[in-house]
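We'll hop from one selection to the next, with a note on what to look for at each stop.

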Amino acid sequence: MATPPPIFISTATLHTLLTHKSLVDHLQFSLPTFASTIESPLRHAHQTSPSTSLLLMPCWSRAPSLPYIGVKLVTYHPNNSTQNLPGVHASYVLFNSITGQTLSTMDATQLTVYRTACTSALASKFLSRQDSETLLMIGAGTLAPHLIKAHLTVRPNLKKVIVWNRTADKAKRVIENLQSEASFEGVSFESNASLEEVVGLGDIVSCATNSGTPLVKGKKLKEGAHLDLVGSFKHSMRECDDEALKRGKVFVDNEAAMVEAGELVGAFERGAITKDEIVGDLLELIKGEKNGRTTAEEITVFKSVGSAVVDLLTAQLAYETYMKSH
């Protein structure tokens, strides 16, 4: 029997296969269904130069109804921004776990962007106030437009989106690009040069930066805010101060955040918070094993570092959607 050649799913094709809504819904259903059957060893991280890294993230499912093995290969070159290139490039390879055949390779840069934004939005369903009206997006990189769209998907009452970036022009460009590709009914967009001025306005504050110094000061967060921290994945990276974590009910996407995220690792070392004070993870939130937001006044925090499990489920949705339409 001839083996069909692997399918290549390009960035352009991926955009036609995934929406933020379809992926949020898929993850909300699939994580509780399959999480216990998916194996994902610790990611391998190799430094390829003083400033660059190669990451390998393998993952496989033991469930017959999810017959996949997946590996994500990622390069991290933070200095690319000086050349107007993305800092992260990635490929995803999906295999059949029964025969071992290669089913598909896909652009994992966009795959990762979708899954990261949708993980944040899924957490926001349980942690942000339903009547949230203002979203503050800190950072204007590849993730920013996806995080904005994903948060708008789960919180349709949002009326205002403020984008802040160290380089103000980049923030303006994110807004222009968003407005050119879709009409966001009843949503106004603005960029602001002063983070101090706007951080207290956000009902949802989403951060996706490479910052090594805290951008969000806890004392500035408004009552009832939800803080979504996406950027850091190394001990040297930190998007908020200890006060933000002390004021908030803190959740993580998975346990890796406790050992990888600079905000958390630093706060543990300084004794600002303890590991026991981390309330729970995304799976526990979805299953209802841990309560998310319980009052309108409390501050909630969600820190994500990503996981191979969510990558596999995202690749599954892209591949199966492709196969249905071809």
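Predicted model: local features only at pLDDT ≥ 70, side-chain atom pairs only at ≥ 80, totals over all residues.

Residues are numbered from 1 along each chain as its sequence is written, and side-chain values use heavy atoms, with hydrogens and water left out.

**Stop 1: the sheet.** Helix and strand labels are DSSP runs numbered from the N terminus (helices are H or I with at least four residues, strands are E with at least two). Select the open sheet of 8 strands, which pair in parallel in the order E10-E9-E8-E11-E12-E15-E13-E14; pairing takes at least two DSSP bridges between two strands. E10 and E14 (278-281) sit at the edges with a single partner strand each, so one side of each has no neighbour in the sheet. From one strand to the next, the twist averages 20°.

**Stop 2: strand E12.** Now pick 226-229. E12 pairs in parallel with E11 (204-207) over 4 bridges, and Asp228 is the bridge partner of Ser206. E12 also pairs in parallel with E15 (299-303), again over 4 bridges; there, His226 has Thr300 as its bridge partner. Which residues of E12 are buried on each side? His226 and Asp228 are on one side, Leu227 and Leu229 on the other, and all are buried, where buried means under 20% relative accessible area, exposed over 50% and partly exposed in between (1.4 Å probe, protein chains only). In a regular strand the side chains alternate between the two faces of the sheet.

Stop 3: Next, H4 (143-154) lies across E8, E9, E10, E11 and E12, at about 160° to E8. Because 10 of its 12 residues are buried, H4 is largely enclosed by the rest of the structure; among them are His146, Lys149 and His151.

**Stop 4: helix H5.** Select 168-181. The buried residues are Ala171, Val174, Ile175 and Leu178. Look down the axis of H5 and they fall within an arc of 90°, so they line one face of the helix; the arc is that of the directions from the helix axis to the C-beta atoms. That buried set packs against H4, E9 (160-164) and E10 (188-191).

**Stop 5: the rings.** Rings of Phe, Tyr and Trp (its six-membered ring) pair if their centres lie within 6.5 Å, with planes under 30 degrees apart stacked, over 60 edge-to-face and the rest tilted. The count comes to 3 aromatic pairs. One of them is Tyr76 with Phe233, edge-to-face at 5.1 Å centre to centre and 80° between the planes. This pair links parts of the chain 157 residues apart: Tyr76 is in E5 (68-76), Phe233 in the loop between E12 and H7 (242-247). Tyr76 is buried at 8% relative accessibility, whereas Phe233 is partly exposed at 26%. Finish on Phe184 and Phe189, with ring centres 5.4 Å apart and planes at 65°, so this pair is edge-to-face as well.

Conventions:
Expected span 1.5 Å × (residues − 1). Contact = heavy atoms within 4.5 Å. Axes fitted to C-alpha atoms, helices over the stretch in contact; angles between N-to-C directions.
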